[in-house]
Amino acid sequence: MFVHYRSEAFILKRVERGESDRLFTVFTKEFGKLEVLGKAIRKIKSKLRAGAPLFSKSEIEFIQGKTFKILTDAILIEEFKNIKEDLGKLEIALKVSDLLDGLLKGEQKDKKVWRLLGETFDELNNCSILHTLHSLIYYHFFFKLLKILGYSPSLASCAFCQKNLGTKISFSFEQRGLICYPCSRRLKKEGDSTIFEIRAKRIEFLRNLLEKDFSFLKKMKLEAEDLKFLEKFSKRYLAFVF
Ligand SMILES: [Zn+2]
C-alpha cells in the first residue's frame, strides 16, 4: 500500500512531459518545495486538470512513486484570478516562483516561507494595477526571503570592521553589506571592485524592505530611478550570495 500525503500547496511551475503528463514544482505547507508528476493530467477526462492551475493555491495529495512523487488528487482552494488577467502581475508571479525555486534546495518545511508566499500572492492578486506596487511586492518578497534563509545584507554596522558606519557610507557586494569610509578605502586598495557609495535614502529603502511589513512599505515613495536601483542591486546581490 502506498502512503498518501496531503498538503496545501502553491503551484509555482509546470512543465509538460511526454504526451499527457505534467511535472509541477510546488511549495507545500507541510513538506516545503516538491516536484510532483501529474500523470495523464493533460487529458480532457483527467479529474486532476482543474485542481492545479499555475499560480494557484490547492490542496494536493500524492504518493511516492519510483522516480517521482505522483499527484493523486488536487482541489483548488484559491485561484488568484487577477494575477492571471494582468501581464504585469503575471510577470511578478513568475519572478517570485523563479526566485524561490532557485534559492530553495531540497525539500524542507518552512512556515515562514509558506506565510510569505501566501502574503505575496494575496497582495499581488488584490493590489491595483500600479507598476510600482507590483515591483514593491517583488522586492518585499526578495528581501524577506533572503532574511528567512539567512542571507540578508548587513545594514546595521560596517560589514567589515563591525563598527559604526559614520557618514560617508558605501556598499560592498563582496562584503555583502554596508561599509564605513575607512574600510571602503582600504578594501578598494585591496582590490574590491564591487564598492559603491550609497545614498542615505537608499539605505533606508533597503532597511525598510528587510524589516518592515508590506502595509508600511506601500507608503514608501519610490521613483523610477529607485526601482532601477533595486533591480540592479537585487540581481547583483544574488550573484554574490549564490
Ligand atoms: Zn568599517
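Let's start with a helix pair: the axes of helix 4 (131–149) and helix 8 (residues 224–241) come within 11 Å and cross at roughly 30°. That makes helix 4 roughly parallel to helix 8, a term for angles under 35 degrees. This is a predicted model, in which local features need pLDDT of at least 70, side-chain atom pairs count only at pLDDT 80 or more, and totals for chains, interfaces and linings use all residues. Residues are numbered from 1 along each chain as its sequence is written.

**The helix pair**
- Helix 4 and helix 8 cross in a left-handed sense, with the near helix turned anticlockwise from the far one by less than a right angle.
- Thr132, Ser135, Tyr139 and Phe142 of helix 4 make the contact with Leu227, Leu230 and Ser234 of helix 8 (contact: C-beta atoms, placed from the backbone, within 7 Å).

**The largest nonpolar core**
- This core has 38 residues, and Phe10, Ile11, Val26, Phe27, Ile60 and Leu71 have the most contacts inside it (a core joins buried Ala, Val, Leu, Ile, Met, Phe, Trp, Tyr and Cys residues through C-beta atoms within 7 Å; buried means 20 or more other C-beta atoms within 10 Å of a residue's own).
- Elements giving two or more residues to the core include strand 1 (5–17), strand 2 (21–28) and helix 6 (200–211).
- Helix 4 supplies the largest share of the core, eight residues.
- Domain 1 (5–78) and domain 2 (81–151 + 206–236) each contribute at least three residues to this core.
- Not counting residues up to four places away in sequence, Val26 touches Ala9, Phe10, Ile11, Leu12, Leu34, Val36 and Ile60.

**A second core**
- A separate core of 10 residues includes Ala159, Phe160, Leu178 and Leu187.

Notes: A residue is buried if 20 or more other C-beta atoms lie within 10 Å of its own, exposed if 12 or fewer, and partly exposed in between; C-beta atoms are placed from the backbone. Helices (H or I, at least four residues) and strands (E, at least two) are DSSP runs, numbered from the N terminus. Domain bounds come from an automatic or database domain assignment. Two residues are in contact if their C-beta atoms, placed from the backbone, lie within 7 Å. Axes are lines fitted to C-alpha atoms, for helices over the stretch in contact, and angles run from 0 to 180 degrees between N-to-C directions. Angles under 35 degrees count as roughly parallel, over 145 as roughly antiparallel, 65 to 115 as roughly perpendicular and the rest as oblique.
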